[in-house]
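Here is a friendly walk through the contacts of one model, with the cut-offs given along the way.

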Number of protein chains: 2
Amino acid sequence: MKRVLLTIAFDGTNYHGWQVQPNAVTVQQVLGEAIEELLGAPHNITGCSRTDAGVHAREFCCHLDCGDNIPEKAFLTGLNSILPDDVAVVSCREVSDDFHARYNAKGKQYAYGMYMGGKNPFDERYFLHLNSEPDINLMNFFAKTVIGTHDFCGFSSSGRTVENTVRTVSECFVEKTGNKIYFKVTADGFLYNMVRILTGTALAVGYGRCNCNIAENIFITKDRSLGGDTLPPHGLFLEKVIY
Amino acid sequence: MKRVLLTIAFDGTNYHGWQVQPNAVTVQQVLGEAIEELLGAPHNITGCSRTDAGVHAREFCCHLDCGDNIPEKAFLTGLNSILPDDVAVVSCREVSDDFHARYNAKGKQYAYGMYMGGKNPFDERYFLHLNSEPDINLMNFFAKTVIGTHDFCGFSSSGRTVENTVRTVSECFVEKTGNKIYFKVTADGFLYNMVRILTGTALAVGYGRCNCNIAENIFITKDRSLGGDTLPPHGLFLEKVIY
């Protein structure tokens with residue numbers, strides 16, 4: 001047996017996130033079905049994390065154990081021909097037997113995209129539509145205050161199941177390119193809805209509805225109600241998993 | 001009453017083309033329903049042309065007659081809030097009573113997009129995936145031979161209903177940008193599947209499966225079997241209607 005690390009990309013629009021669940025189609029499920037079709041038997045697949053319904057990924061990682069005799073290139077090509085258009089295997093490589101897609105992950109990078117201007121059906125799928133331009137400098141001021149080790153409890157939704165809500169954000173900034181704005185954040189881990197709430201708060205700061213020093217208040221008070229909205233999932237991309 | 005010209009954009013993936021038809025959702029139908037909801041009564045909408053199932057449009061035009069008292073800006077904003085994410089009104093302006101979206105159209109511009117490299121779920125929706133790079137110079141040679149007034153009968157599918165199959169192509173070229181290739185063509189009119197067959201033939205030329213002078217042969221013999229495949233609809237965009 002050998003252990004394989006698969007990096008996949010998916011358009012999450014039609015999926016209930018990564019993790020298999022009853023009565024909903026998930027990415028883990030369609031990947032599992034494709035692997036079963038290709039290899040002739042079901043295989044356990046372990047993902048790097050859960051993802052929420054409707055969230056996209058450019059590089060999501062998962063591992064599985066499979067036979068020694070499968071060339072990586074053939075595995076990748078075979079899976080891509082079976083998988084639906086909205087899921088793709090980006091790369092496939094052998095890893096050591098004790099590698100674990102979730103426990104070995106040192107961090108993750110997310111990007112939340114927004115677009116300005118008239119409604120555009122081709123942007124609607126991957127960006128949040130903004131009716132007016134927020135102040136990018138204010139948003140960036142807020143983003144800087146998020147960097148560091150903090151208790152992000154007040155930046156998470158109540159559905160969370162973890163005990164420890166302290167996370168370390170190593171990078172956080174806002175970027176404007178043409179009519180697009182991206183909120184980008186890298187951390188050692190993320191709480192439930194954390195990126196969508198951070199971006200929603202950055203936006204509230206950019207529109208002057210929140211003070212640009214609001215993060216400090218939320219770290220101290222852990223009061224979710226002080227921040228901005230939890231933005232919808234369709235603007236969120238898991239960009240990269242860091243090992 | 002005033003006559004209004006609407007320019008709309010749509011992601012055609014989930015539609016059976018423009019024209020209303022039984023047992024299938026079309027763009028004309030959802031636009032008609034949105035207009036009825038906004039104005040309180042059904043209105044006849046006349047499109048600039050039919051479009052095939054799955055084809056997209058950046059600027060599709062249609063006209064309708066509505067009351068004098070509807071400000072154009074409110075009409076646009078109102079419709080966009082009712083329409084689904086994959087259809088948008090780009091602009092809205094008053095035209096003369098005798099303007100006709102179809103008969104006044106002097107021409108149309110289409111682009112067919114292809115992408116190279118590994119499978120990418122975000123490109124899969126709007127581009128044809130090519131496994132290897134075709135020769136762009138050969139494709140452009142073919143594109144040049146298409147320009148002019150010719151009988152395009154051999155570049156159309158048998159479902160066509162028109163008598164006159166002569167069309168004038170004013171512009172036709174192939175463009176490579178990064179890992180994307182675009183086949184762009186402007187003409188006074190298009191036959192059934194014409195752009196998808198022209199692009200398929202350009203691709204056959206680019207891969208050396210057809211001679212780059214093949215167009216002349218097809219114009220003379222009207223033999224559809226000499227050209228390349230009819231490419232799938234998802235790479236095709238109606239870019240612009242010329243009035």
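Which side chain meets D11(A) in a salt bridge? The partner is R125(A), with N and O at 2.9 Å. A salt bridge here is a side-chain nitrogen of Lys or Arg within 4 Å of a carboxyl oxygen of Asp or Glu. The pair links distant parts of the chain, 114 residues apart: D11(A) sits in the loop between β1 (2–10) and α1 (27–39) of chain A, and R125(A) in the loop between α3 (121–124) and β6 (128–130) of chain A. Helices (H or I, at least four residues) and strands (E, at least two) are DSSP runs, numbered from the N terminus. Side chains of opposite charge can pair when their charged atoms come close. Over all chains, the rule counts 18 salt bridges.

A word on conventions: this is a predicted model, in which local features need pLDDT of at least 70 and side-chain atom pairs count only at pLDDT 80 or more, while totals for chains, interfaces and linings use all residues. Residues are numbered from 1 along each chain as its sequence is written, chains are lettered from A and ligands numbered from 1 in the order in which they are written, and side-chain values use heavy atoms, leaving out hydrogens and water.

**Between the chains**

The same surface serves both copies, since 100% of the contact residues of chain B recur in chain A (contact means heavy atoms within 4.5 Å).

On the side of chain B, K119(B), P121(B) and F122(B) lose the most area to chain A, together 48% of what that side buries. The elements of chain B giving two or more residues to this side are β1 (2–10), β3 (56–66), β4 (87–95) and α3 (121–124). Its residues divide into 11 nonpolar, 3 polar and 7 charged. Ala, Val, Leu, Ile, Met, Phe, Trp, Tyr, Cys and Pro count as nonpolar, Asp, Glu, Lys and Arg as charged, and the others, Gly among them, as polar.

**Between the domains**

An automatic or database assignment gives chain A domain 1 (2–95) and domain 2 (107–242). R196(A) forms a salt bridge with D52(A), the closest N and O atoms being 3.1 Å apart.

Buried area is the accessible area (1.4 Å probe) that two parts lose on being put together, summed over both.

| Interface | Buried area | Carbon and sulfur share | Salt bridges |
|---|---|---|---|
| Chain B and chain A | about 1,500 Å² | 61% | 0 salt bridges |
| Domain 1 and domain 2 of chain A | about 1,300 Å² | 52% | 3 salt bridges |
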